[in-house]
Amino acid sequence: MEAIKTEQRRIQRFIDLSRPDGTERGSLYVKKRGTQLYAYERWQQNDGPAHKVYLGNVESEAAQKLFADKFKAKRLTYLQYNQKLLEKMQRQYREYDFDSIVADMPKTYRMTARNCSFDQRYEEIRKWAKAPYQRNTHPFPKAEIYAKDGTRVRSKGECIWYNLLLERGILFRYDYAVTCTDQYGKRKTWYPDFLVLCFDGTLILIEHLGCMDDLSYSLDFGEKSYWYFQEGFILGKNYFVTSDDPDHGTDSQMIARHVDRIEEMFYGF
């Protein structure tokens with residue numbers, strides 16, 4: 001890492017020295033007459049004829065200045081390319097000291113746990129997720145939207161959630177029936193988009209709202225949140241909600257940030 005940083009500083013010094021002085025230069029054109037080489041600076045105006053300015057022979061001060069400027073411009077291009085490569089190396093560089101390896105172990109575990117069957121707890125949750133359960137029987141909308149594993153989902157927002165959870169190895173039930181009981185003993189069944197069971201037994205509810213411009217839909221969400229609260233599902237703690245914007249756009253980066261938090265809760269790291 002120190003070598004990368006040293007090289008970045010060195011390249012930056014060269015970049016500062018190679019920056020153009022603000023004068024726009026044309027292309028270099030050299031023509032041979034007899035045994036002599038003569039230099040021209042040429043500009044091409046769109047599709048029109050080229051405009052040339054005679055600089056003298058290639059040894060002249062004006063020609064040498066154009067050579068130097070063109071060299072600096074080309075060098076600047078290569079230096080900036082190398083600088084981007086070093087920035088990429090810096091982002092991807094992995095430390096190999098003991099503390100860094102230990103800090104990275106949870107990520108490594110997350111990658112291996114979902115692909116191997118040696119973890120008993122992961123297998124228990126996998127069986128829970130795959131076991132038969134009561135699903136939402138409400139008809140799907142006309143638009144046919146399918147997640148990566150072929151499961152049909154109800155909206156593009158749910159599809160983004162589904163695929164991100166799947167990619168992170170987070171196990172869940174989709175459209176699962178959750179029966180809630182309020183403080184008066186009244187019971188009601190709802191169907192959250194996703195129910196996640198974490199390693200420590202914590203349950204997480206996830207809802208994506210696609211039609212908040214519809215009054216009855218919004219009121220239904222408010223009532224639903226009341227019932228979830230009765231079962232201990234608190235917004236931002238173990239109950240996560242995202243929504244389309246007023247133009248029905250879906251922010252996948254916003255969903256990904258929620259998934260980052262849920263991933264930490266799921267694995268317990």
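Guide: The sulfur of Cys211 lies 16 Å from the closest cysteine sulfur, which belongs to Cys159, and that is too far for a bond. This is a predicted model, in which local features need pLDDT of at least 70 and side-chain atom pairs count only at pLDDT 80 or more, while totals for chains, interfaces and linings use all residues. Residues are numbered from 1 along each chain as its sequence is written, and side-chain values use heavy atoms, with hydrogens and water left out.

A disulfide is a covalent bond between the sulfur atoms of two cysteines. Here the term is applied to a pair of cysteine sulfur atoms within 2.5 Å. Seen from Cys159, the closest cysteine sulfur is the one in Cys211, at 16 Å, again too far for a bond. A search of the whole structure finds zero disulfides.

Cys211 is partly exposed, at a relative accessible area of 37%, whereas Cys159 is buried, at 12%. Buried means under 20% relative accessible area, exposed means over 50%, and partly exposed is in between, with a 1.4 Å probe and protein chains only.

Next comes helix α5, residues 156-168, where Asn163 has its place. Helices (H or I, at least four residues) and strands (E, at least two) are DSSP runs, numbered from the N terminus. Asn163 counts as buried, at 14% relative accessibility. Leaving aside residues up to four places away in sequence, Asn163 touches Ala147 and Lys148; contact means heavy atoms within 4.5 Å.

Helix α5 also meets helix α7, residues 252-267: their axes come within 10 Å and cross at roughly 40°. Axes are lines fitted to C-alpha atoms, for helices over the stretch in contact, and angles run from 0 to 180 degrees between N-to-C directions. The two helices are therefore oblique to each other. Angles under 35 degrees count as roughly parallel, over 145 as roughly antiparallel, 65 to 115 as roughly perpendicular, and the rest as oblique. The crossing of α5 past α7 is right-handed. A crossing is left-handed if the near helix is turned anticlockwise from the far one by less than a right angle, and right-handed if clockwise. Among the residues that meet are Trp161 and Leu164 in α5 and Ile255 and Val259 in α7. By class, this contact of α5 with α7 has nine nonpolar, three polar and three charged residues. Ala, Val, Leu, Ile, Met, Phe, Trp, Tyr, Cys and Pro count as nonpolar, Asp, Glu, Lys and Arg as charged, and the others, Gly among them, as polar.

The crossing of α1 past α2 is left-handed. Residues making the contact include Ile11 and Phe14 of α1 and Leu76 and Leu79 of α2. The contact of α1 with α2 divides into nine nonpolar, seven polar and five charged residues.

Two loop residues remain. His248 is in the loop between β11 (239-243) and α7. Its phi is near 65°, a positive value in a residue other than glycine, and His248 is partly exposed, at 36% relative accessible area. Asp175 lies in the loop between β6 (172-174) and β7 (178-181). Asp175 is not a glycine either, yet has a positive phi of about 55°; Asp175 is buried, with a relative accessible area of 4%.
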